[in-house]
Amino acid sequence: MENRLEISDDQLAHFERNGFFLIPNPLGARGVREVDSRQQEVEPEWERTEFPSGCNQLACLFLMIGEPVLQMVERHDLVDAARRILGVEKVHVGACGIGDASKVQRGERRQVAWHVDGGPEVRQVSFRTALDRHDASNGPLRVLPGSQHRPPEEVRAELLQLELATGTHDEMPGQFFARHPHEVEVVLDPRWTLVWTPSCWHATGLKTAAGPRRAMGWNYFPSGGRKRDLAAIKHVHPEWPDWTAERKRLWGLID
């Protein structure tokens, strides 16, 4: 059974102050199982496919699942929650993805460095659900609360000094993994969904566990915001011109 989402004033205040809050997974156990099953079903085809340049691979996998995820993203309670969180009348989906990010990452390190997707000027809200439990051994998301309000160069300089303080570098590092004293490590179980802004600085823990580390997420933006995955939408769903105007508008295909 789906869980209808209703956002409280306390959750809104926590989001504005810290950049995140958690809710019971709105899909419910059956909805998660359906998406999980479909993801595993289409992944072999996804792995065999050469996608055109400009198509985000994890967005393509997300979109290949088809109606279950399209309808999930289009749920009126989720869209209304995004509009309320962002304080706007209209939103569109600017990015999406599902799967194990380690399958498309380069390099040997099983960890994502500190980074930010946007800055204080970028308003966005993302719904993120783990399909496998992301605990301390399975690369959990780490967020720096409140950093969405800080100048990026200020946070970057702070993270650099913390990285240098580990004593593990002979040269000036270009990526930062060191723990921040104010970070929150989000142990994300499939029973819960993280509602957050990627404009908050974030990284992951080091993955030491065997097995997959899958997650799914999508970001809502106000009108005029990011539209990263238009190429993926048009490639995976060439029938998109026949979609309803409401669906096209929500997926950023028309204004």
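Visitor: Which residues of helix 5 are buried?

Guide: In helix 5 (residues 76-86), they are Asp 77, Leu 78, Val 79, Ala 81, Ala 82, Ile 85 and Leu 86. Buried means under 20% relative accessible area, exposed means over 50%, and partly exposed is in between, with a 1.4 Å probe and protein chains only. Helices (H or I, at least four residues) and strands (E, at least two) are DSSP runs, numbered from the N terminus.

Visitor: What follows helix 5?

Guide: Gly 87 does, and its phi is positive, near 70°.

Visitor: What kind of model is this?

Guide: It's a predicted model, where local features need pLDDT of at least 70 and side-chain atom pairs count only at pLDDT 80 or more, while totals for chains, interfaces and linings use all residues. Residues are numbered from 1 along each chain as its sequence is written, and side-chain values use heavy atoms, with hydrogens and water left out.

Visitor: Ok, zoom out. How many helices and strands in the protein chain?

Guide: Eight helices and eight strands. The C-alpha trace spans about 55 × 45 × 35 Å along its principal axes.

Visitor: And what's the radius of gyration of the protein chain?

Guide: 18 Å, which agrees with the value near 18 Å for a compact globule of 255 residues. That radius is taken over C-alpha atoms, and the globule rule is 2.2 Å times the number of residues to the power 0.38.

Visitor: What percentage of the residues count as buried?

Guide: 51% of the 255 residues.

Visitor: What share of the contacts is between residues 24 or more positions apart?

Guide: 82% of the contacts with a separation of 6 or more. Contact means heavy atoms within 4.5 Å.

Visitor: Switching to the core. Which residues touch the most other members of the largest nonpolar core?

Guide: Phe 62, Leu 63, Val 125, Phe 127, Trp 218, Tyr 220 and Trp 251, out of 50 residues in that core. Helix 3 (residues 57-64) gives the largest share, seven residues. A nonpolar core here is a set of buried Ala, Val, Leu, Ile, Met, Phe, Trp, Tyr and Cys residues joined through side-chain atoms within 4.5 Å.

Visitor: How many residues of helix 3 are buried?

Guide: Seven of its eight. They are Leu 58, Ala 59, Cys 60, Leu 61, Phe 62, Leu 63 and Met 64.

Visitor: What covers them?

Guide: The cover includes helix 2 (28-48), helix 4 (67-73), strand 2 (91-100), strand 8 (214-222) and helix 7 (230-236). Leaving out residues up to four places away in sequence, Phe 62 touches Val 69, Met 72, Val 73, Cys 96, Gly 97, Ile 98, Gly 217, Trp 218 and Trp 251.

Visitor: Now His 134. Where is it?

Guide: His 134 sits in the loop between strand 3 (125-130) and strand 4 (141-143).

Visitor: Is His 134 buried or exposed?

Guide: Buried, because its relative accessible area is 1%. Beyond four places in sequence, His 134 touches Arg 128, Pro 140, Val 186, Val 187, Leu 188, Arg 213, Arg 214 and Ala 215.

Visitor: What about Leu 159, where is that found?

Guide: In helix 6 (residues 152-164). Its relative accessible area is 2%, so Leu 159 is buried. Not counting residues up to four places away in sequence, Leu 159 touches Trp 114, Phe 176, His 180 and Trp 201. Leu 159 and Phe 176 are 17 residues apart in sequence, with 6.4 Å from C-alpha to C-alpha.

Visitor: Why does Glu 163 count as buried?

Guide: Because its relative accessibility is 5%. Glu 163 is in helix 6 too, and its C-alpha is 5.7 Å from that of Phe 176, 13 residues away along the chain. Setting aside residues up to four places away, Glu 163 touches His 169, Pro 173, Gln 175, Phe 176, Phe 177 and Ala 178.

Visitor: And Glu 34: what's its relative accessible area?

Guide: 45%, so Glu 34 is partly exposed. Glu 34 lies in helix 2.
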